[in-house]
Amino acid sequence: MQIICISTGSGSKGQELAQNLAKKLDFDCLDRQDLMEEATRKGIPIGKIEMAMIKPHTFIDRMALEKEHYKAFATTMICERALQKNLVYHGRTGHLLLPGIDNVLRVRVVANLDNRIDAVMERLGLTREKARDYIVQVEEDRRRWARSFYNVRWDESLLYDVILNTDHLYVENAATALCSIAELPEFKFTPAASKIFENILLSSRCRVALFDDERTFSLQTTVRADNGVVSVTYLPRQEKLSKYIPGILQGVPDVKEILCTMAQTSIMWVQEKFDPDTEVLDDIIEIARKWEAAVELVQMSPGEGAAGVFPGFGDMTHREVAAAGEAIPKESAPGAEDYTGGIEDDVDESTSHQDEDLKKTYDKLISTGHAGGCHVLKGSTRALLHSVFQGVQYSLVVVGNIFLSKGHAAQTRLTNELVGSLADQLKVPVVLAGELKRQYLFGTKQLIQLIVYLSAVIVIYYLAFTNQIYVLQVLRLEGGWRFLSVGLLLLFVPLISLLWGTAARLLLKLVRFE
Amino acid sequence: MPELIFDHFIPLTLDAALQVIFLGFIGGTLSGFIGSGGAFFMTPGMMNLGVPGVVAVGSNITHKFGKAMIGSKAHSVMGHVDKKLGIYMLLTAALGIRLAVWINSSLFKSGGDGNGEVGGAAANLYISLVFVCILSIVALSILRDAYRKDKREGGPSTRIADYLGRLKLYPVIHFSVADVSISLWIILIVGLATGFLAGTIGVGGFIGVPAMIYIFGVPTAVAAGTELYLAMFMGAWGAVNYAFEGMVDIRLTMLLYIGSLVGIHVGVYGTKIVKEIYIRQVTGFVILLCVASRGIALPMYLRQLGYLDIDPSFDPYFNGVSKIMLFVAGISGVGLILINVFRAYRQRMQIRETLSFRREEPTGGP
């Protein structure tokens with residue numbers, strides 16, 4: 001299987017290039033216009049979504065849901081077309097719909113503004129001024145679209161593998177060049193990429209099925225698929241609607257098991273070896289219970305002979321890891337005989353006990369109602385960042401024991417590097433498992449803090465209310481002394497707010513009311 | 001009514017202190033639930049206890065300063081604060097507050113209560129009238145929004161923002177966090193109105209947030225965060241101004257904190273488990289009841305100013321009914337929130353199984 005995504009601005013000859021390339025390679029060609037027409041036929045209000053992109057303040061709940069509906073629909077359609085025949089997709093941000101699959105060839109086509117204006121004038125019969133305005137407006141719409149859907153700059157060159165300037169390159173020659181590039185091993189689907197592709201397709205199909213059913217349309221869910229196991233998390237206030245989920249998803253092809261977990265948010269727990277009896281698991285379950293969160297397990301291991309952040313793959317991208325090490329994940333087609341309850345089966349026998357522990361850990365999360373998915377990953381930090389589920393709103397990432405084959409110093413350094421990378425990428429708190437209790441649970445330190453703050457508050461209130469007249473006299477000081485009383489007030493108010501605010505928060509934490 | 005200390009401050013009995021804490025708790029809960037300051041409940045509540053309107057507003061705005069400081073920090077972490085927009089609005093909001101404090105204090109000092117026991121009837125009447133007019137509009141708008149039939153396709157109207165955008169009143173400034181471009185003149189006018197209302201009745205957020213959404217076109221989350229950021233400075237400036245006039249009763253501020261800083265957590269918890277439409281309905285009705293409560297007290301102030309010929313012995317009844325109505329509003333609103341909160345809290349304490357379905361695998365041959 002092969003997918004080539006071409007992203008282009010108006011008048012850059014991108015469509016011409018896509019059609020030419022598809023003809024040369026004997027690939028199918030899918031245009032954004034076809035995708036939108038099909039979406040409109042399905043009842044997705046594309047026009048209103050576009051309008052909401054342009055005017056973000058019109059983004060109400062319904063539109064946010066429609067946006068996700070369209071995203072799931074577009075992903076499903078591109079994936080299904082690619083399953084039938086190798087595909088060239090020509091649109092805005094198709095390459096962003098398949099996160100984690102580096103084997104998609106991502107092309108951007110650019111051209112000089114004057115040439116683009118000429119092309120638009122010819123195509124739409126506009127005056128020069130109007131053609132310029134048209135291009136500027138369309139570019140702005142694209143910018144907002146990419147920002148709203150994926151929070152990226154669509155013209156960011158790092159999002160593409162190849163950028164072609166059609167000012168200096170004939171479309172025919174550009175297509176020929178792309179044909180050669182498409183033959184490179186980096187752009188052929190490896191078994192690992194195929195597996196990610198299957199998971200993306202299955203989760204998108206499930207999301208579309210939930211959106212297509214009127215009973216579950218308004219459900220705010222995150223859906224993850226892994227080897228046929230579909231994990232759905234939904235908000236507590238939508239608990240009543242959750243009963244429809246299994247019935248709807250049963251009808252989706254390739255679904256083997258459905259886990260529905262009620263959750264406000266998600267916590268990712270990355271570790272090399274999971275232990276179902278560890279205290280950290282209890283702490284994470286405690287936090288998940290307090291936050292009503294789903295916990296996603298990521299068992300991440302470096303390969304043999306690795307160097308750098310991940311020995312052997314430290315300086316390689318995920319694509320390189322996958323291409324160079326197809327033997328790393330022992331892939332197999334998902335089937336009933338090798339189905340392991342959602343845990344990937346691509347590890348060798350020496351690590352089977354690890355899988356068993358991972359399975360037990362996940363079972364414990366299921367039994368407490370906080371299961372949010374489970375993944376086994378081999379590769380670099382970048383591979384982890386690639387595999388992070390794009391649509392999930394994480395509130396916390398916990399990094400446990402990892403880099404176990406390293407010495408203590410190296411392990412500490414590498415773990416800290418991983419924590420820093422995750423925090424930069426995900427923009428959420430990333431903590432070490434050992435720090436979890438201190439930072440998020442009520443421990444001795446919090447108890448001492450509560451006692452100190454509460455004592456201070458009691459003393460201040462006692463002094464203030466047993467000396468009310470003096471306090472009021474200070475507030476009524478005349479002349480220049482009034483400045484002193486105002487100054488004291490400005491210092492005192494934030495102080496008492498901070499002291500009692502912290503004490504009240506800790507008290508509520510103590511009674512598990514957060 | 002008891003004699004005022006230094007002609008400004010009520011003597012605090014245990015009963016009155018507990019009532020102020022209770023006001024703080026209800027105000028804090030509503031504040032956390034609705035996302036606004038809660039002054040619409042606390043200010044009239046304190047006035048019902050006999051606190052002069054100016055002192056009630058002054059003490060409440062001081063309370064708002066500390067609370068907004070903590071709240072805006074949390075919003076800032078989430079990226080919901082457009083500090084540049086907040087600072088631009090603050091330029092004229094400060095003027096608005098100063099103007100409001102001057103009017104309130106002048107009316108208070110003018111007395112005008114020859115027929116009553118409480119000082120500053122003119123100020124009380126003025127504050128109550130502004131309160132009733134502004135909050136009636138706010139409550140009715142919220143309720144209209146909540147009961148709008150076209151819920152699926154609705155959303156904040158952009159007509160005003162679009163119209164003003166087309167006018168291009170230079171200089172136009174771009175705000176990157178909110179991702180909007182607004183004329184400086186419009187910002188200054190809205191800032192002035194927000195500051196004036198914050199200074200007059202302590203509820204600037206009810207004007208600032210809708211103005212940012214409907215007039216500026218700012219996303220709702222950013223509008224709420226930016227207003228809180230603005231409220232921190234407005235609160236500080238309002239506190240300075242009222243303190244200079246000697247109109248801040250720090251004891252009331254401290255008592256309000258006891259209740260509000262607990263209540264705000266309860267209210268925020270409520271937003272996680274209650275539907276948005278339900279939040280709007282509760283908000284609309286609670287504000288409307290607060291307005292009615294203040295409206296009932298108006299004849300009393302008119303009588304104290306000599307505009308109405310009513311027996312002074314009716315004053316306690318006006319005050320009593322107003323007080324009861326306010327507490328009914330607060331207690332019923334908070335009661336609904338608490339019922340939902342504790343129901344969810346109890347459910348949370350129980351372990352729930354993850355819903356699970358496994359498709360039967362075929363066991364036979366081909």
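This is a predicted model: local features need pLDDT of at least 70, side-chain atom pairs count only at pLDDT 80 or more; totals for chains, interfaces and linings use all residues.
Figure 1. Of the 514 residues in chain A, 40% are buried. For chain B, which has 366 residues, the buried share is 54%. In chain A, among contacts with a separation of 6 or more, 74% link residues 24 or more positions apart. In chain B, 78% of the contacts between residues at least 6 apart in sequence join residues at least 24 apart.

**Figure 2. Helix α5 of chain B packs against helix α7 of chain B.** Helix α5(B) spans residues 121–146 and helix α7(B) spans residues 184–201. Their axes lie 9 Å apart and form an angle of about 125 degrees. Because of this angle, α5(B) is oblique to α7(B). The crossing of α5(B) with α7(B) is left-handed. On the α5(B) side, the contact involves Ile127(B), Val130(B), Phe131(B) and Ile134(B); on the α7(B) side, Leu197(B), Thr200(B) and Ile201(B) take part. Sorted by class, this contact comprises six nonpolar residues, one polar residue and no charged residues.

**Figure 3. Helix α4 of chain B also packs against α7(B).** Helix α4(B) covers residues 83–109. Its axis and that of α7(B) are 6 Å apart, at an angle of about 35 degrees. Here the crossing is right-handed. The contact of α4(B) with α7(B) is made up of 18 nonpolar and eight polar residues, with no charged residues.

**Figure 4. The largest nonpolar core contains 123 residues.** The residues with the most contacts inside this core are Met46(B), Leu135(B), Met232(B), Ala239(B) and Cys290(B). Helix α9 of chain B, residues 220–244, contributes the most to the core, with 16 residues. A second, separate core has 103 residues, including Ile6(A), Tyr70(A), Phe197(A) and Val270(A).

**Figure 5. Ala239(B) touches residues of chain A and of chain B.** Residues up to four places away in sequence are left out of this view's list. From chain A, the partners of Ala239(B) are Leu489(A), Leu490(A) and Val493(A). From chain B, they are Ile61(B), Thr62(B), Phe65(B) and Val248(B).

**Figure 6. Ala243(B) is a buried residue of helix α9 of chain B.** Ala243(B) counts as buried because it has 24 C-beta neighbours inside 10 Å, and the cut-off for a buried residue is 20 or more. Leaving aside residues up to four places away in sequence, Ala243(B) touches Ser485(A), Val486(A) and Leu489(A) in chain A, together with Val248(B). Gly58(B) is 185 residues from Ala243(B) along the chain, yet the C-alpha atoms of these two residues are separated by 7.5 Å.

**Figure 7. Ala139(B) is a buried residue of helix α5 of chain B.** Within 10 Å of Ala139(B) there are 22 other C-beta atoms, so this residue is buried. Its contacts, not counting residues up to four places away in sequence, are with Gly284(B), Ile287(B), Leu288(B) and Val291(B). The C-alpha atoms of Ala139(B) and Cys290(B) are 9.8 Å apart in space, although 151 residues separate the two in sequence. Cys290(B) is one of the residues with the most contacts inside the largest nonpolar core.

Notes. Residues are numbered from 1 along each chain as its sequence is written. Chains are lettered from A and ligands numbered from 1 in the order in which they are written. Axes are lines fitted to C-alpha atoms, for helices over the stretch in contact, and angles run from 0 to 180 degrees between N-to-C directions. Helices (H or I, at least four residues) and strands (E, at least two) are DSSP runs, numbered from the N terminus. Angles under 35 degrees count as roughly parallel, over 145 as roughly antiparallel, 65 to 115 as roughly perpendicular and the rest as oblique. A crossing is left-handed if the near helix is turned anticlockwise from the far one by less than a right angle, and right-handed if clockwise. Two residues are in contact if their C-beta atoms, placed from the backbone, lie within 7 Å. Ala, Val, Leu, Ile, Met, Phe, Trp, Tyr, Cys and Pro count as nonpolar, Asp, Glu, Lys and Arg as charged, and the others, Gly among them, as polar. A nonpolar core is a set of buried Ala, Val, Leu, Ile, Met, Phe, Trp, Tyr and Cys residues joined through C-beta atoms within 7 Å. A residue is buried if 20 or more other C-beta atoms lie within 10 Å of its own, exposed if 12 or fewer, and partly exposed in between; C-beta atoms are placed from the backbone.
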